[in-house]
Amino acid sequence: MTGTIRLWSAISVFGAMALLGACEKKSPAPAPGGGGGTPAASTPGEITIGHYGSLTGAQATFGKSTDNGIKLAVKEVNAAGGVTVAGKKYTVRLVSEDTEGKPEKAGTVVTKLITKDKVVCVLGEVASSVSLQGAPVCQEYGVPMITPSSTNPDVTKVGDMIFRVCFIDPFQGEACAKFARGELKAAKVAVLFDQASAYSVGLKDEFNKAFKAAGGEIVSEQAYTQGASDFNAQLTRIRESSPDAIFIPGYYSDVTNIALQSRKLGMKMPLLGGDGWDSEELGKNAGESIEGCFYSNHYAPDQPTEEIRAFVSTYKADFGGVPDGLAALGYDGARLLFEAMGRAKSLSGTDLRDAIGQARGFKGVTGAITLNDHRDAVKNVVMVERRGGQWVFRASIEPK
Amino acid sequence: MDQLLQTLKDGIAIGSLYALIALGYTMVYGILKFINFAHSDVVVLGAWLSLLFARKLEAVTGWGAPPWWAGALVLILAMAACALAGFCIERLAYKPIRGAPRLNVLITAIGVSLFLQNMGQQEWMFGTRPANIPALVNDATLFTVGRVNFTLLDAAGVGTALALMVGLEWLVFHTKIGRGMRAVSHSTATASLMGVPVNRVISTTFVIGSALAAAGGFLWALKYSQIKQTADTSWTLLGLKAFVAAVVGGIGNVRGAMLGGLAIGMLEMFGAAYLWSSMTDVYVFGLLIAVLLLRPGGILGKAVVEKV
């Protein structure tokens, strides 16, 4: 099966590349001068940064939200006069590339960003499985990469050029387990996960470990594969084990189907998940079925802090709609990069890497970001609850 | 007991959907001897058009609860629109290369499939976000056995699929155009010498296949209510499974497609419910391998010796 899907994907990638090629011929050649050997700006006084994300595809809202967040940060920094690197002022230009959420496309688009657009830093992706394909390319070319929201620990293990501004799955899984055991007082939990996603499997493992350590019991563990639409068989088996809650570390479009089908089967227990749930589409499409459910997120738009209030109102003015956690992380990732550029000795990959790595207590909308030795952000997890058709802040869980 | 009944119900529900979609693959293969890879994209088109029609209807009538005819009207509209789309696809993409080597036609089919997928992703078409279809059938519970609910929606879904299959059966075996289809499927050249209007028969096949695909898409939308964007992997998987159903039943054989669809649906559900849920797709494609090894013509198919 995978073979056939791979074949299809390969065919579609070829098609996309052909289209890309056709488009590129039409666009004017990049301005000469300044480029050459240095990866610095292709035009003097301008820095190009790249973003690769799922602008279309099954997880399109992830890529689009992130892109919006980055765009907002770029707009703000340019309005404030740009960034100053080693005493020279630059404006920032953003080039966004679409991965369609397909891991096999990541290498191609990241290579294009680095070799053709000469970006000094790459932002992206959301999905860990895609980031894991983009990261080695950045490492190879010596261009720093900041992933706003890939939470799988392996992503930053690719090399010293790879950073993230979000928490990692072990902590997210642990926070969900703590919340289920402590706040929801659940003793028996069933797990339903996407076995084809590194993110989902990783989160499941960490949740199970922490939940058992907290004295809970995992009564049923069922799997599905990305692309599945019918979860009735898995849910029926879970129903047999009558759990107090179901942990579903999947992505929002699958969670929508799971929520709808579980309620039709007469299952009323709360569903619990990770930041893969974070999309307004989930609430819109699952409606009543998702009421009283929880997920762990990077921030909650209704948290009463000054940064969040300002961010939410400017985002609303620019793009309409409340920014989700991915938009907030895209915004934070880009702003952390600009702040690091201000401290960097030059725009070379290694100098920029060192500057990013030194970020300590950076004030982002998703909380204070401190990068540790593993280039991962250490920050708190926010649990949000669906109540009255809104996702509202429920609890904040601090890192150890 | 609950689980057995629930699994049986789910297996029939998903199996009848696979069967409906498999019919389109098998009909086109029977007549043109090529696999119409764009067929699953017509299913997607049907699902999305059902959504658009349903929304329009909801806006126009402003119903609180859907009237009984709402579902039927949307189904007919979607089937008509997809029949037209199927007609156009055949005329514009396949007819010009009739008689070309089979590989050319196959690649054209993949091209049509990619075209439909990428068109559908455009914001002015359906966009990339998943959408929710308004409730078209009152989801009342008819009766409950143990913990298993049988709803009006289940009945409507399976009933529609069965009615369409019975209708097709009648069309193929009891009408003039059906006789034409069987004749062309037997031998295009001979049929045309006997005065069968081959082009019209082929067009009709595509129109019927696409209308059934639209019905499949409509029932899918009704069953799952969330419709994912046109290039989502779940559609590819749906198309592949329906295709497997056609092959398992015996490709080119209309009754075989129905049988194959039910077999695949049952296997998938029972495998997930009683063996490992992580291997749902393995059961389906494992069956395909087994059938190809033991009975390459499919359950109801005839072994054909290829003349070289």
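Biologist: Which two strands of chain A form a hairpin with two residues between them?
Modeller: E2(A) and E3(A) do. A:Ala86 sits in the turn, with a positive phi of about 45 degrees. Keep in mind that this is a predicted model.

Biologist: How many bridges join E2(A) to E3(A), and are they parallel or antiparallel?
Modeller: Three bridges, and the two strands run antiparallel. For a landmark, take A:Val85, which stands opposite A:Lys88 in E3(A).

Biologist: What holds such strands together in general?
Modeller: Strands of a sheet pair through backbone hydrogen bonds, in either a parallel or an antiparallel way.

Biologist: Zoom out. In what order do the six strands of the open sheet in chain A come?
Modeller: The order is E2-E3-E1-E4-E5-E6, and the pairing is mixed. Strand E2 (83-85) and strand E6 (162-164) of chain A are the edges, each pairing on one side only. From one strand to the next, the twist averages 35 degrees.

Biologist: And E1(A) with E3(A), how many bridges there?
Modeller: Eight, with the strands running parallel. A:Ile47 stands opposite A:Val92 in E3(A).

Biologist: How many bridges join E1(A) to E4(A)?
Modeller: Four join strand E1 (residues 46-53) to strand E4 (residues 121-124) in chain A. They run parallel. In that pair, A:His51 is opposite A:Leu123 in E4(A).

Biologist: Which strands does helix H2 of chain A lie across?
Modeller: H2 (residues 60-79) of chain A lies across E1, E2, strand E3 (88-98) and E4 of that chain. Against E3(A), the helix runs at about 165 degrees. Helix H4 (residues 128-141) of chain A also packs on the sheet, touching E1, E4, strand E5 (145-147) and E6 of chain A. The directions of H4 and E5(A) make about 165 degrees.

Biologist: Which residue has a positive phi of about 50 degrees although it is not a glycine?
Modeller: A:Lys118. Look for A:Lys118 in the loop between helix H3 (103-115) and E4 of chain A.

Biologist: How is chain A divided into domains?
Modeller: Domain 1 takes 40-167 + 307-379, and domain 2 takes 169-297. Their C-alpha centres lie 29 Å apart. The contact uses 16 residues from domain 1 of chain A and 15 residues from domain 2 of chain A.

Biologist: Over to chain B. At what angle do H5(B) and H8(B) pack?
Modeller: About 170 degrees, with the axes of H5(B) and helix H8 (residues 198-224) of chain B 10 Å apart. That makes H5(B) roughly antiparallel to H8(B).

Biologist: Which residues make that contact of H5(B) and H8(B)?
Modeller: From H5(B): B:Leu153, B:Gly157, B:Thr160, B:Ala161, B:Leu164, B:Leu168 and B:Leu171. From H8(B): B:Ile208, B:Leu212, B:Ala215, B:Leu219 and B:Leu222. By class, the contact of H5(B) with H8(B) has ten nonpolar, two polar and no charged residues.

Biologist: And H5(B) against H10(B), at what angle do the axes cross?
Modeller: Roughly 160 degrees. The axes of H5 (residues 152-174) and H10 (residues 254-274) of chain B come within 10 Å. Angles over 145 count as roughly antiparallel, so H5(B) is roughly antiparallel to H10(B). The crossing of H5(B) and H10(B) is left-handed.

Biologist: Who makes the contact of H5(B) with H10(B)?
Modeller: H5(B) brings B:Met165, B:Leu168, B:Glu169, B:Val172 and B:Phe173. H10(B) brings B:Val254, B:Arg255 and B:Met258. That contact of H5(B) with H10(B) has six nonpolar, no polar and two charged residues.

Biologist: Last one. How far apart are the axes of H1(B) and H6(B)?
Modeller: 6 Å, for helix H1 (residues 2-32) and helix H6 (residues 176-186) of chain B. They pack at an angle of about 55 degrees. H1(B) and H6(B) are therefore oblique to each other. B:Met27, B:Gly30 and B:Ile31 in H1(B) meet B:Met181, B:Val184 and B:Ser185 in H6(B). By class, the contact of H1(B) with H6(B) has four nonpolar, two polar and no charged residues.

Methods
Residues are numbered from 1 along each chain as its sequence is written. Chains are lettered from A and ligands numbered from 1 in the order in which they are written. This is a predicted model: local features need pLDDT of at least 70, side-chain atom pairs count only at pLDDT 80 or more; totals for chains, interfaces and linings use all residues. Side-chain values use heavy atoms; hydrogens and water are left out. Axes are lines fitted to C-alpha atoms, for helices over the stretch in contact, and angles run from 0 to 180 degrees between N-to-C directions. Angles under 35 degrees count as roughly parallel, over 145 as roughly antiparallel, 65 to 115 as roughly perpendicular and the rest as oblique. A crossing is left-handed if the near helix is turned anticlockwise from the far one by less than a right angle, and right-handed if clockwise. Contact means heavy atoms within 4.5 Å. Ala, Val, Leu, Ile, Met, Phe, Trp, Tyr, Cys and Pro count as nonpolar, Asp, Glu, Lys and Arg as charged, and the others, Gly among them, as polar. Two strands pair if DSSP finds at least two bridges between them. Domain bounds come from an automatic or database domain assignment.
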